[in-house]
Structure formats: C-alpha cells, structure tokens
Amino acid sequence: MVRIFSFAAVAVLFASSAAAAATGRGKCGTTLTLPSELESKAAEVVKTHKLKIASMPSGSRAASRSVPVNWHVIDDGSKGKLTSAQIAEQLRVLNLSYSNASMPFTFTLAKTTRTTNSDWFYNAFGGTSQESAMKSALRSGGAGTLNLYSVDLSAQGLLGYATFPSSYSSAPSKDGVVFEYRSIPGGSLAPYNLGATLTHEVGHWVGLYHTFQGGCSGNGDFVSDTPAEASPASGCPKGRDTCSGGGLDPVNNFMDYSDDACMYAFSSGQATRAAALCNQYRASV
Ligand SMILES: *[C@@H]1O[C@H](CO)[C@@H](O)[C@H](O)[C@H]1NC(C)=O
Ligand SMILES: *[C@@H]1O[C@H](CO)[C@@H](O)[C@H](O)[C@H]1NC(C)=O
Ligand SMILES: [Zn+2]
C-alpha cells in the first residue's frame, strides 16, 4: 500500500534513508542482503533484497501457526494511547484477514506494554537511535513472537515498516513491526484506517515482498501466482494491467499499496512462501 500517506515530498528524502537502512543478512544457500522493510514509494529502491527458497513444499496447505503478539503502545503523554478495545479490534481484523485469505497464521495477544516517550513516539523510523532504544527496551520473545510498536510516523509520511524472517538471526532485537497508531480500524488516516496496514506489515514479517517488487521483469516477488506489476497501485484501480501477458495487476492483494478497502487477498503461493520461511526462520516462539 502506499503505506505512506500523501506527504509526497517526503518520499524523495526517504530514498536515501531506505538505502542506508538496508542492513541485515540472511543465509539460504548463498549469503544475501536482506534489508529491513521500509514503507514508502521509495522502498522500491530496496528491490535487491530477494530470497530464494531452496525447496518450498508444493500443493499441501500448511498447518496454521499460532503467533503470540506483544503490542507495545507508545504515546507522547496524550496522543497514541490506544485502548485495549482498539488493540483487540485491530488484532481481530488481522486474524480475520489472514484466515479469510487462507494464510496459515492466527494471532493472539500475549502482552501489552505502555510507554510514554515523545522521542520514540515521533521519531522511531527505521535505522534511527530511537528505533534501537525503543526495541531494546521493549522487545521480548523469540523469532516466532510478533512484536508490534504503535507510534506516529507522520514526520516521514509512513504507515509502517517491518523486518523479514531471515533478518532475525543477525538482528534479533530489531525484529518486528513499527506502524502508525492512526491506521487501526476507526483511526484517522483514511483511506488507510481499516487495519490493513498491520496486515500488510505482518505480511513482510512472515516473509512476503510487495507484489510490485522487481517490476515487470525477473522473479518479481518470488511468488508465481501474483501477476507482475510495474509499480505500486493506489486507490483501487481494478482492471489495471501494467505488465503485459501476466494477468491483471493484483490490486486486491494485501502486499500491494492500494487503499485498505481494496485489499482482501493473499495468494496461495504467498501462503506457501510465508509458511516455508517461517518454518525455516521463525521456529522458536
Ligand atoms: C485469532 O484466531 C484464533 C483462532 O481462531 C483465536 O484462538 C484467537 O483468539 C484469535 N485472536 C484474536 C485476537 O482474535
Ligand atoms: C474475504 O475474501 C473475499 C474474497 O475471497 C472478499 O470478497 C471479502 O471481502 C473478504 N472479507 C474480508 C472480511 O476480508
Ligand atoms: Zn510493504
């Protein structure tokens, strides 16, 4: 999704920080560079981080994995104080979007922490000292525990960023998803306020790339049943076809950049890829 919200000028600025934050190393046959994901149109810059799965199980649907969630609520003293009802509703939507789209994961709240810290609340972008300090202080659990940090990312016009499964071993304390507290269901960031930002970011956390990864050529997102896309979609451009021959753009896929209301799908190939990567890298809870 344009998991950026209309601060157009910011995307340019962001290109350099996306590149700079491209750290993390995964091993899968060969050594690959796997940057943590940073959300913006400029994240297209980060299109070299590709991981080939040596042997993906084919055909059989993987058993559902139960993911414990630690939600770290950051606030500035007044803004950001999500209620437990808001947290429960966002996790209900996350659970529902995964099960409705046949993604083999369920999510259960294990722990909520609450921290007042304006610096973390407004400045926890990928690669910053605020990100490191916040995560070092709050993160808990193993590779299979999902740590969420709800903050305000408006200074960079972002909706969220996430780390990939293969990045865990080299930077365990950085693992997780940082996202805009106003993107939750009923939040103020319309048209990104139905909860799909978290669904999308968790899609990265289980190992998925954007559907527009790599544009029209090459391996794209390394999933064969998501037609290639030349660029991120925005709004809900049903029927769009930016790469000839591969089928219509998957604008309803959670790993595109469409509006929340437009997104409801993961493909079967994405489910297979996510299950394989999590079996490989997120075995320990
Ligand atoms: C998600 O679904 C699982 C399985 O149905 C359930 O056990 C769990 O409580 C649900 N979590 C939330 C937050 O709704
Ligand atoms: C469930 O998936 C169908 C398509 O398979 C979609 O039309 C519907 O909007 C989805 N519902 C939810 C709640 O995501
Ligand atoms: Zn993304």
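Mentor: Start with a definition: buried means under 20% relative accessible area, exposed means over 50%, and partly exposed lies in between, with a 1.4 Å probe and protein chains only. At 0% relative accessibility, C278 counts as buried.

A word on the ground rules. This is a predicted model, where local features need pLDDT of at least 70, side-chain atom pairs count only at pLDDT 80 or more, and totals for chains, interfaces and linings use all residues. Residues are numbered from 1 along each chain as its sequence is written, chains are lettered from A and ligands numbered from 1 in the order in which they are written, and side-chain values use heavy atoms, with hydrogens and water left out.

Now the links. A disulfide is a covalent bond between the sulfur atoms of two cysteines. Here the test is a pair of cysteine sulfur atoms within 2.5 Å. By this rule there are two disulfides.

Take C216 and C243. Their S to S distance is 2.0 Å. The angle about the S-S bond is -85°, and the link is left-handed. Both C216 and C243 lie in the loop between α5 (196-205) and α6 (268-281), so the pair ties together parts that are 27 residues apart in sequence. Helices (H or I, at least four residues) and strands (E, at least two) are DSSP runs, numbered from the N terminus.

Next, C236 and C262. Their sulfur atoms are 2.1 Å apart, and they form a disulfide. This link is right-handed, with 70° about the S-S bond. C236 and C262 also lie in the loop between α5 and α6, so this pair ties together parts that are 26 residues apart in sequence. C236 is partly exposed at 37% relative accessibility. C262 is buried at 2%.

How do the pairs run along the chain? With bonded cysteines counted along the chain, the pattern is 1-3, 2-4.

Finally, the setting. The protein chain has six helices and eight strands. From the N terminus on, the order is α-β-β-β-β-α-β-α-α-β-β-β-α-α. Of its 285 residues, 55% count as buried. Contact means heavy atoms within 4.5 Å. Among contacts between residues at least 6 apart in sequence, 71% join residues at least 24 apart.
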